[in-house]
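Please look over the structure below before reading on.

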Amino acid sequence: MKKRVFCVVMAIMIACSMTACSGKENGAGTAAAGQAAKGGADTVAPQVKWPKNVELIVPASAGGDTDFNARLLAQKLTEKLPANFVVSNVNGNGGATGTRQVKDGAADGSAAVFYHTAVLVNKACGATDYGFEAYNFAAIAGQSAGNVVTVNASLGIKTLDELLAYSKEHPGELKMAAQTGATSYAVAMQMKNAGFDINIVDAGSAADRLAAVLGGHVDVILAAYGSIRDYVKEGTLVPLAMDGEADLVIPEENIDVKAIHNLGYEDIKLPFYYFVAFPEKTSDALVDEFNAALKDIIENDKEYQEKIYASYYQKPVFLPREEGLAKYAEVDELLKNVDFSAK
């Protein structure tokens, strides 16, 4: 009898236990589903699936400032995200070859473009028929201190005003190196529109332009100060003015190079931002996770911050999607005032 009662009691307890557990699980599942449907605070974001390798396409030659920034960030991103970031230099057509490769690439997170303001110059001068609308734009990942209008010391020119006067006294004689469709081309055209009587020649990438001015093949170039610093110190090259938004002041090197627009040439200015963008249909979740890692590196990684300053005098800048696109919209307005047809 006792054994029978014990068995009945145990059966009732097991049944109650199963019912309670079933009710808890079903209730939790329903609540979670309801919360997810409402997009509440506890909603779990969809898991991002990263490919093993992410190719970071740089539409510029190796060894320049763009390549440097991309490679440093690729190293840091590999440490923070579950993918191996590898830089590939795909130069050509003022950068359009590389930007088009990513635009037309697979939207699976396996490729992104790391480039700069030139993507808007490409469109403004007709090298491409697309802009940022063709991508899933991630962020502005840096801002160059600007490029320096630089001359060979053999010219005897020390200021931008002297360069203007010399160009008018020797019309068409001065050769200014640029890369057609790139930022150097846009600034050279701004200078031409402002009255500098220069002959703009396509001399290729930043490294090629530096070699051309050092070899005496051209007279004027635009270059990141980090790449000309040693030649300035030895007196081979002379920095005249910056094409960006701000003066370049380096107290420890006794350098104070004014921005062109601060010298009275208001229509000569081209802010130079680096950006990252993925193919248009890349998932927003992947881009958001990428941006979170990128923001953390740029704003908190001291080694990163020290290296970009030591190499190119950059200060850390991170502007996510909408803020980044708003900055580029301002640049686009500046480019609308440039007459790219001027001879």
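Which residue of β13 does I140 stand opposite?

## The sheet and its edges

In this predicted model, I140 stands opposite L319, a residue of β13. The strand β4, which covers residues 135–143, pairs with β13 in the antiparallel sense, and 2 bridges join them. This pairing belongs to an open sheet of 6 strands, whose order is β2-β1-β3-β12-β4-β13 and whose pairing is mixed. The edges of the sheet are taken by β2 (84–89) and β13 (319–320), and because each of these has a single partner strand, one side of each is left without a neighbour in the sheet.

## Helices on the sheet

Helix α2 packs on the sheet, where it touches β1 (53–58), β2, β3, β4 and β12 (273–279), and its direction makes about 165° with that of β2. Helix α9, which spans residues 284–300, lies across β2, β4 and β12, and it runs at about 5° to β4.

## Contacts between helices

Two packed helices are described by the angle between their axes and the distance between the axes. For α9 and α10 the axes come within 6 Å and cross at roughly 65°, and α9 and α10 are therefore roughly perpendicular to each other. On the α9 side the contact is made by I297, I298, E299 and N300, and on the α10 side by K302, Y304 and Q305. Sorted by class, the residues of this contact are 3 nonpolar, 2 polar and 2 charged.

Helix α10, with residues 302–312, also meets helix α8, with residues 225–234, and here the axes come within 7 Å and cross at roughly 45°. The helices α8 and α10 are therefore oblique to each other. From α8 the contact draws on G226, S227 and R229, while α10 contributes A310, S311 and Y312. The contact of α8 with α10 comprises 2 nonpolar, 3 polar and 1 charged residues.

## The largest pocket

The largest pocket holds about 370 Å³ of space. Its lining is made up of 27 residues, and those closest to the centre of the pocket are G64, D65, S205, A206 and R209. Several elements each supply at least two residues of this lining, namely α2 (65–80), β3 (111–116), α6 (183–193), α7 (206–214) and β8 (220–224). Helix α7 gives the most to the lining, with 4 residues. Divided by class, the lining of the largest pocket has 13 nonpolar, 11 polar and 3 charged residues.

How many cavities of 30 Å³ or more does the structure hold? There is 1 such cavity, and about 60 Å³ of space lies in the largest cavity. The lining of the largest cavity consists of 13 residues, of which S144, A145, G146, A224 and Y312 lie nearest its centre. By class, these lining residues comprise 8 nonpolar, 4 polar and 1 charged.

Technical notes
Residues numbered from 1 in each chain as written. Predicted model: local features only at pLDDT ≥ 70, side-chain atom pairs only at ≥ 80, totals over all residues. Heavy atoms only, no water. 1 Å grid on protein atoms, 1.4 Å probe; cavity = no way out; pocket = protein on both sides within 12 Å on 5 of 7 lines; lining within 4 Å. Points joined across faces, edges and corners; volume = space filled by probe spheres on them. Nonpolar A, V, L, I, M, F, W, Y, C, P; charged D, E, K, R; others polar. Pairing = 2+ DSSP bridges. Contact = heavy atoms within 4.5 Å. Axes fitted to C-alpha atoms, helices over the stretch in contact; angles between N-to-C directions. Parallel < 35°, antiparallel > 145°, perpendicular 65-115°, else oblique.
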